[in-house]
Amino acid sequence: MKRRIFPVLIALILIAVIAWGAISMRMKDKTTYGTEVMDLRTYFDVEEGKLAIYLQQERMAEKALLKDGICYLNFNFVKSFLNDDFYYDRTEKRLLFTDAAGTLEAVPGEKGYRQYGEEKTFSGAPCIMEGEGLFLALPYVAMLSDVDYRMNDYRLQFLTDYEPREAALVTKTTQIRLEGDVKSLILCDAMEGETLFIRENLGEWTCVENEEGIIGYVEDKFLGASLSIAPEKPERAKEYVAPEYTHQKLGEKVCLGWHAIGGVGGNGTLEDVVSNAQGMNVISPTWFSLNDNEGGFRSFGEASYVKRAHKYGLEVWGAFDDFNYENETGENIDDTAILSSTQTRTKLIRNMVDAALELGMDGINVDFEKVGSDCSEHFGQFLRELSVECRNNKIKLSVDNYVPNEGNKQYRLDVQGTAVDYVILMGYDEHWHGSGNPGSVASIGFISDGIAKALKNVPADRLVNAVPFYTILWKVGGSEVTDEYLTLVNEPDFIQRMGVAPVWNEETCQNYMEWSSNEKTYKVWLEDLDSISVKLNVMSANDLAGVAAWRLGYGTQEVWKLLSAFKGM
């Protein structure tokens, strides 16, 4: 019996030993760290000659190019995320950058660039063409832009936020792995004392990110206590120097009146229109209107007018528009065609400045009201370049703008807030002549909202709000809506003739009239001393740089006293 049992025991022991060995091997295999390293070019998904781009921790779809040892960025990426002031003339193939002092110019593929007309050297080409796209050299962008970045062999990261983030120090050198598993591919080493930013804790493993932008997993046992640590700023020589924009101020609040000039003969009405304009210190005659697509304009300007205005203590800011000549003749004036050509744009600016100097004008008032969305970048560049020429020639530059909304962002209040001397809101046309939509010309909500939006881009000490010296009488008959203008001068007689008592409307902060006659309903939201007083109160509360009025001849002596009082605040 014993002889039978002994072989069985030996067999069982052998089976147990073998099983234990297998289990031990499996346990050892599970706790043995994998040593395979992942290729970082694969990790960052970039082929040779390209870099992944990150904005903070966000991976961008675009990739940077490496050419002749220089990193290049797509022009549209630079415009969208780094610096919108770069401008490319696609027809003349010139990369322009206009700052407070002048313009830098580079030609794709050519080494060096021109700064304010002077040749400058550069280590390579500031910009190149790659396929159909324009690419800008990162050192050139960095020279002209307030950007921080760090770059390695695979990734370019732009940094704008150095707020503290949750982090931990590595307590013992280990590895960052692709996944939370000891067998996972190694991305890189995590050295003792290194800071790792915590993205997510999964229990035994923590998802981390190092300063090189590598995101992976580290075992918790190699991490110290959670800390709040700010990312380190890149150590690099910054060539960027912020341009210093100087602005030419009036020395007191602006009180401007537009003088509608229908021809040279209109200059003779100067004395009439200023006779009751108490407190006005700037007059803007509507002298100039674009009359071709080659940088030309029609002029009604006279030097004698300027001299007479100066005797009244008025500065003269001649208005340049893009619509009067077209309205009168029917000829198409194409803002985009004019402003998108560097040659034509330069000619227009030179002509504008020359006209101002020849006539002795104190300022230029840009009143372009037909700028389309396709003209936005060209209009912005036009204003930058014009501001330089005006600054160099001591000519004040003001620009008229619609009240800001989603549909007129192309007027580039951001550029205006930096480059021009005064930004003027045309605080009217909430409902306009010919719209077929009865309503207030300028309700207080419309004005308050417009000022608040404009102040996001324009400092209060350079923002002027214009008030209307007119309103609209609306006539509604069934589905037909017609209208006609009423001015502050003729309102009292009109109210007396209608025999309808105006009633104050708290919502619009205007006196309102409504009545019916001959199967028509008449509506009018009056502009008068009451409504304009409320507007001036809002402007005063925001400490705006001044007030303007459309137009001279429409206002009464009493309303000019209100404007004069505001100017003196």
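Predicted model: local features only at pLDDT ≥ 70, side-chain atom pairs only at ≥ 80, totals over all residues.
Residues are numbered from 1 along each chain as its sequence is written. Local features need pLDDT of at least 70 and side-chain atom pairs pLDDT 80 or more, while totals for chains, interfaces and linings use all residues.

**View 1. Helix α10, residues 376-392.** Helices here are DSSP runs of H or I with at least four residues, numbered from the N terminus. The 17 residues of α10 should span 24 Å at 1.5 Å a residue, and the 25 Å between its end C-alpha atoms agrees with this; the expected span is 1.5 Å times one less than the number of residues. Of these 17 residues, 14 are buried, so α10 is largely enclosed by the rest of the structure (buried means under 20% relative accessible area, with a 1.4 Å probe and protein chains only). After α10 comes K394, with a positive phi near 55°.

**View 2. The largest cavity, about 70 Å³ in volume.** A cavity is a set of points, on a 1 Å grid over the protein atoms alone, where a 1.4 Å probe fits but cannot get out; lining residues have an atom within 4 Å of a point. Look for Q57, R150, Q157, R165 and P231, which lie nearest the centre among the 14 lining residues. The lining has 3 nonpolar, 5 polar and 6 charged residues.

**View 3. The second largest cavity, with about 30 Å³ of space.** Here we meet α10 again, which gives the most to this lining, with 3 residues. Among the other lining residues are Q248, A419 and D421.

How values were computed
Heavy atoms only, no water. Helix = DSSP H or I, 4+ residues; strand = E, 2+ residues; numbered from the N terminus. Buried < 20%, exposed > 50% of the residue type's maximum accessible area, 1.4 Å probe, protein only. 1 Å grid on protein atoms, 1.4 Å probe; cavity = no way out; pocket = protein on both sides within 12 Å on 5 of 7 lines; lining within 4 Å. Points joined across faces, edges and corners; volume = space filled by probe spheres on them. Nonpolar A, V, L, I, M, F, W, Y, C, P; charged D, E, K, R; others polar.
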